[in-house]
Each structure stands twice: as structure tokens, then as C-alpha cells.
Amino acid sequence: MIKAILTDIEGTITRISFVKEILFPYAAAHLPQFIRDHQHDAAVTEQISAVRAELDNTNADIDTVIAALLEWIAADKKITPLKQLQGLVWQFGYTNGDFTGHLYEDAYQFLTQQKANGRDLYVYSSGSVKAQQLLFAHSDYGDIRPLFSDYFDTKVGAKQEISAYQNIIATLPYEADQILFLSDIVAELDAAKAAGMQTLQLFRDAQATSPEHPVISSFDHFDEGAFS
């Protein structure tokens, strides 16, 4: 019996284009000046140090750090300090009203209904926890953060690694097979299933599918009976 739902964000409950066409370009445009202006703030200093560690160059100057971050954005790298810094930049954009957090209508209705049914909801995204909470605080449907019990990002591990899902399971008060993981990416679903979770793929953008996982194109087609 499913007692909790763990959901991906991009491509699952939000459209991929929101991240690629709104958030990423916004971060790329504003991140260089943001880092220059805030490089001595504790939160930013910590992430700059993490970037230097990734580069294996503790003496990298600020221009080198910024250049690396922009390269990672262009290559869509899932590197933790980049995600943390993007979250800080996006915070400015959200609070300034430059954009709101996109959420599919069927996803919002599904999450709301599952919460009302007594299931705990969790989020696992390659975007930082800060970025996740910003999106949900400023979503198209207002502040929906109360729907979720906890948030996970790449600090628990990469999304295609079995150990990441094992780490999440270890923190939750449920057996692995009582957790349903939602994603649009087969490799993520494979890892979650290998960790013992139940899985469901959202087919939103003509991505690859697998017979190993149930597939729906909208939460309107969610079938309770398909899961034990």
C-alpha cells in the first residue's frame, strides 16, 4: 500500500521548458553580477569554495569561478554548488515578480488530493532544496509548500544512483515499497525501483519509456488500483 509519494519536479509536475526557457537563462544572465556583488556573503562564499573544489583549484579567481558556472549551466550539469547558487539568484527573480513557478494543473490537483487522502508528499530534484521551495512558494497556485513534508536534492546523491534513493528511504518512516516515486526519466525510475520503491513515469515530452515502469501522460489517468 502506498503511504508516501516522492516526486521529481522538472518534466513531472512542471514543464521542462519552464526550467530551460525561464530559470536557466535568468540564472545565466544574473549570476555573474550576483556573485561579484555577494561573494563575501557567507552563503555565497561557501559555494564559491565548493566550485573551486570541483575545479581542483583552491586559488581560482572569481572570473574563473564564474566562467565554470556558466559552462555548467550551458551543459546542464547537476553540480551541487551550481544548484545552490542558482537557487539564490532565482530567489531574487521570484521575490521581484519576474516570474512565477510553473505547475501543471493536473499535477496541482493530484498533489492536493493525495495530501487530502492522508499520504505524505516529498520532493527529490536535482535543483537545490532552496530552489524547490522558491518554486513552490511562488507557484502559479500560490504558496503550496505546506503540501510537502520534506525536500531532497543532490546532497543525498545523484538522481540516477540507487544509493540516493536508499538514503532517502533511510530518512522516511516508511518501508521502501510503501513509497511511490514519480519521474519522467527512466534511469531515475530504474534506480528508485532497484532501491525498492514503486515507480510511475510521467510521459510529458516524448521522452523514452520502459516496460519496467507504469506510464501515464497526465495525473488525470492515475490509477490507484495499479499499485499494491
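Q: What makes a residue buried, partly exposed or exposed?
A: Buried means under 20% relative accessible area, exposed means over 50%, and partly exposed lies in between, with a 1.4 Å probe and protein chains only. By that rule Y26 is buried, and F99 is buried too.

Q: What kind of model is this, and how are residues numbered?
A: This is a predicted model, in which local features need pLDDT of at least 70, side-chain atom pairs count only at pLDDT 80 or more, and totals for chains, interfaces and linings use all residues. Residues are numbered from 1 along each chain as its sequence is written, and side-chain values use heavy atoms, with hydrogens and water left out.

Q: Why does T7 count as buried?
A: T7 has 0% relative accessibility, so T7 counts as buried. T7 lies in strand β1, where helices (H or I, at least four residues) and strands (E, at least two) are DSSP runs numbered from the N terminus.

Q: Which residues does T7 touch?
A: Contact means heavy atoms within 4.5 Å. Not counting residues up to four places away in sequence, T7 touches T12, I13, Y122, V123, Y124 and L182.

Q: How do you know that both faces of β1 are covered?
A: A4 and L6 on one side of β1 are buried, and so are I5 and T7 on the other. In a regular strand the side chains alternate between the two faces of the sheet.

Q: What makes β1 and β2 a pair of strands?
A: Two strands pair if DSSP finds at least two bridges between them. Four bridges join β1 to β2, and the two run parallel. V123 in β2 is the bridge partner of T7. β1 also pairs with β4 in the parallel sense, over four bridges, and there T7 stands opposite L182.

Q: Which strands make up the sheet, and in what order?
A: The open sheet has six strands in the order β3-β2-β1-β4-β5-β6, with parallel pairing.

Q: Which helices lie across β1, β2, β3 and β4?
A: Helix α5 (residues 105–116) lies across these strands at about 135 degrees to β2. Axes are lines fitted to C-alpha atoms, for helices over the stretch in contact, and angles run from 0 to 180 degrees between N-to-C directions.

Q: Why is α1 called roughly perpendicular to α4?
A: α1 and α4 pack at an angle of about 95 degrees, with their axes 9 Å apart. That makes α1 roughly perpendicular to α4, since angles of 65 to 115 degrees count as roughly perpendicular, under 35 as roughly parallel, over 145 as roughly antiparallel and the rest as oblique. Residues of α1 including F18, L23 and Y26 meet residues of α4 including K83, L88 and W90.

Q: What makes Y26 and F99 an edge-to-face pair?
A: Rings of Phe, Tyr and Trp (its six-membered ring) pair if their centres lie within 6.5 Å; planes under 30 degrees apart count as stacked, over 60 as edge-to-face and the rest as tilted. Y26 and F99 are 5.1 Å apart centre to centre, with 85 degrees between the planes, and form an edge-to-face pair. Y26 lies in helix α1 (residues 16–38) and F99 in the loop between α4 (80–95) and α5, so the pair ties together parts 73 residues apart in sequence.

Q: How do you know that Y165 and F181 are also edge-to-face?
A: Their centres are 5.2 Å apart, with 65 degrees between the planes. Y165 is in helix α7 and F181 in strand β4, so this pair ties together parts that are 16 residues apart in sequence. Both Y165 and F181 are buried.

Q: What makes the charged end of R204 count as over the ring of Y104?
A: A charge sits over a ring if NZ of Lys or CZ of Arg is within 6 Å of the ring centre and within 35 degrees of the ring normal. The charged end of R204 is 3.9 Å from the centre of the Y104 ring and sits over that ring. K159 lies over the face of Y124, at 5.4 Å from the ring centre.
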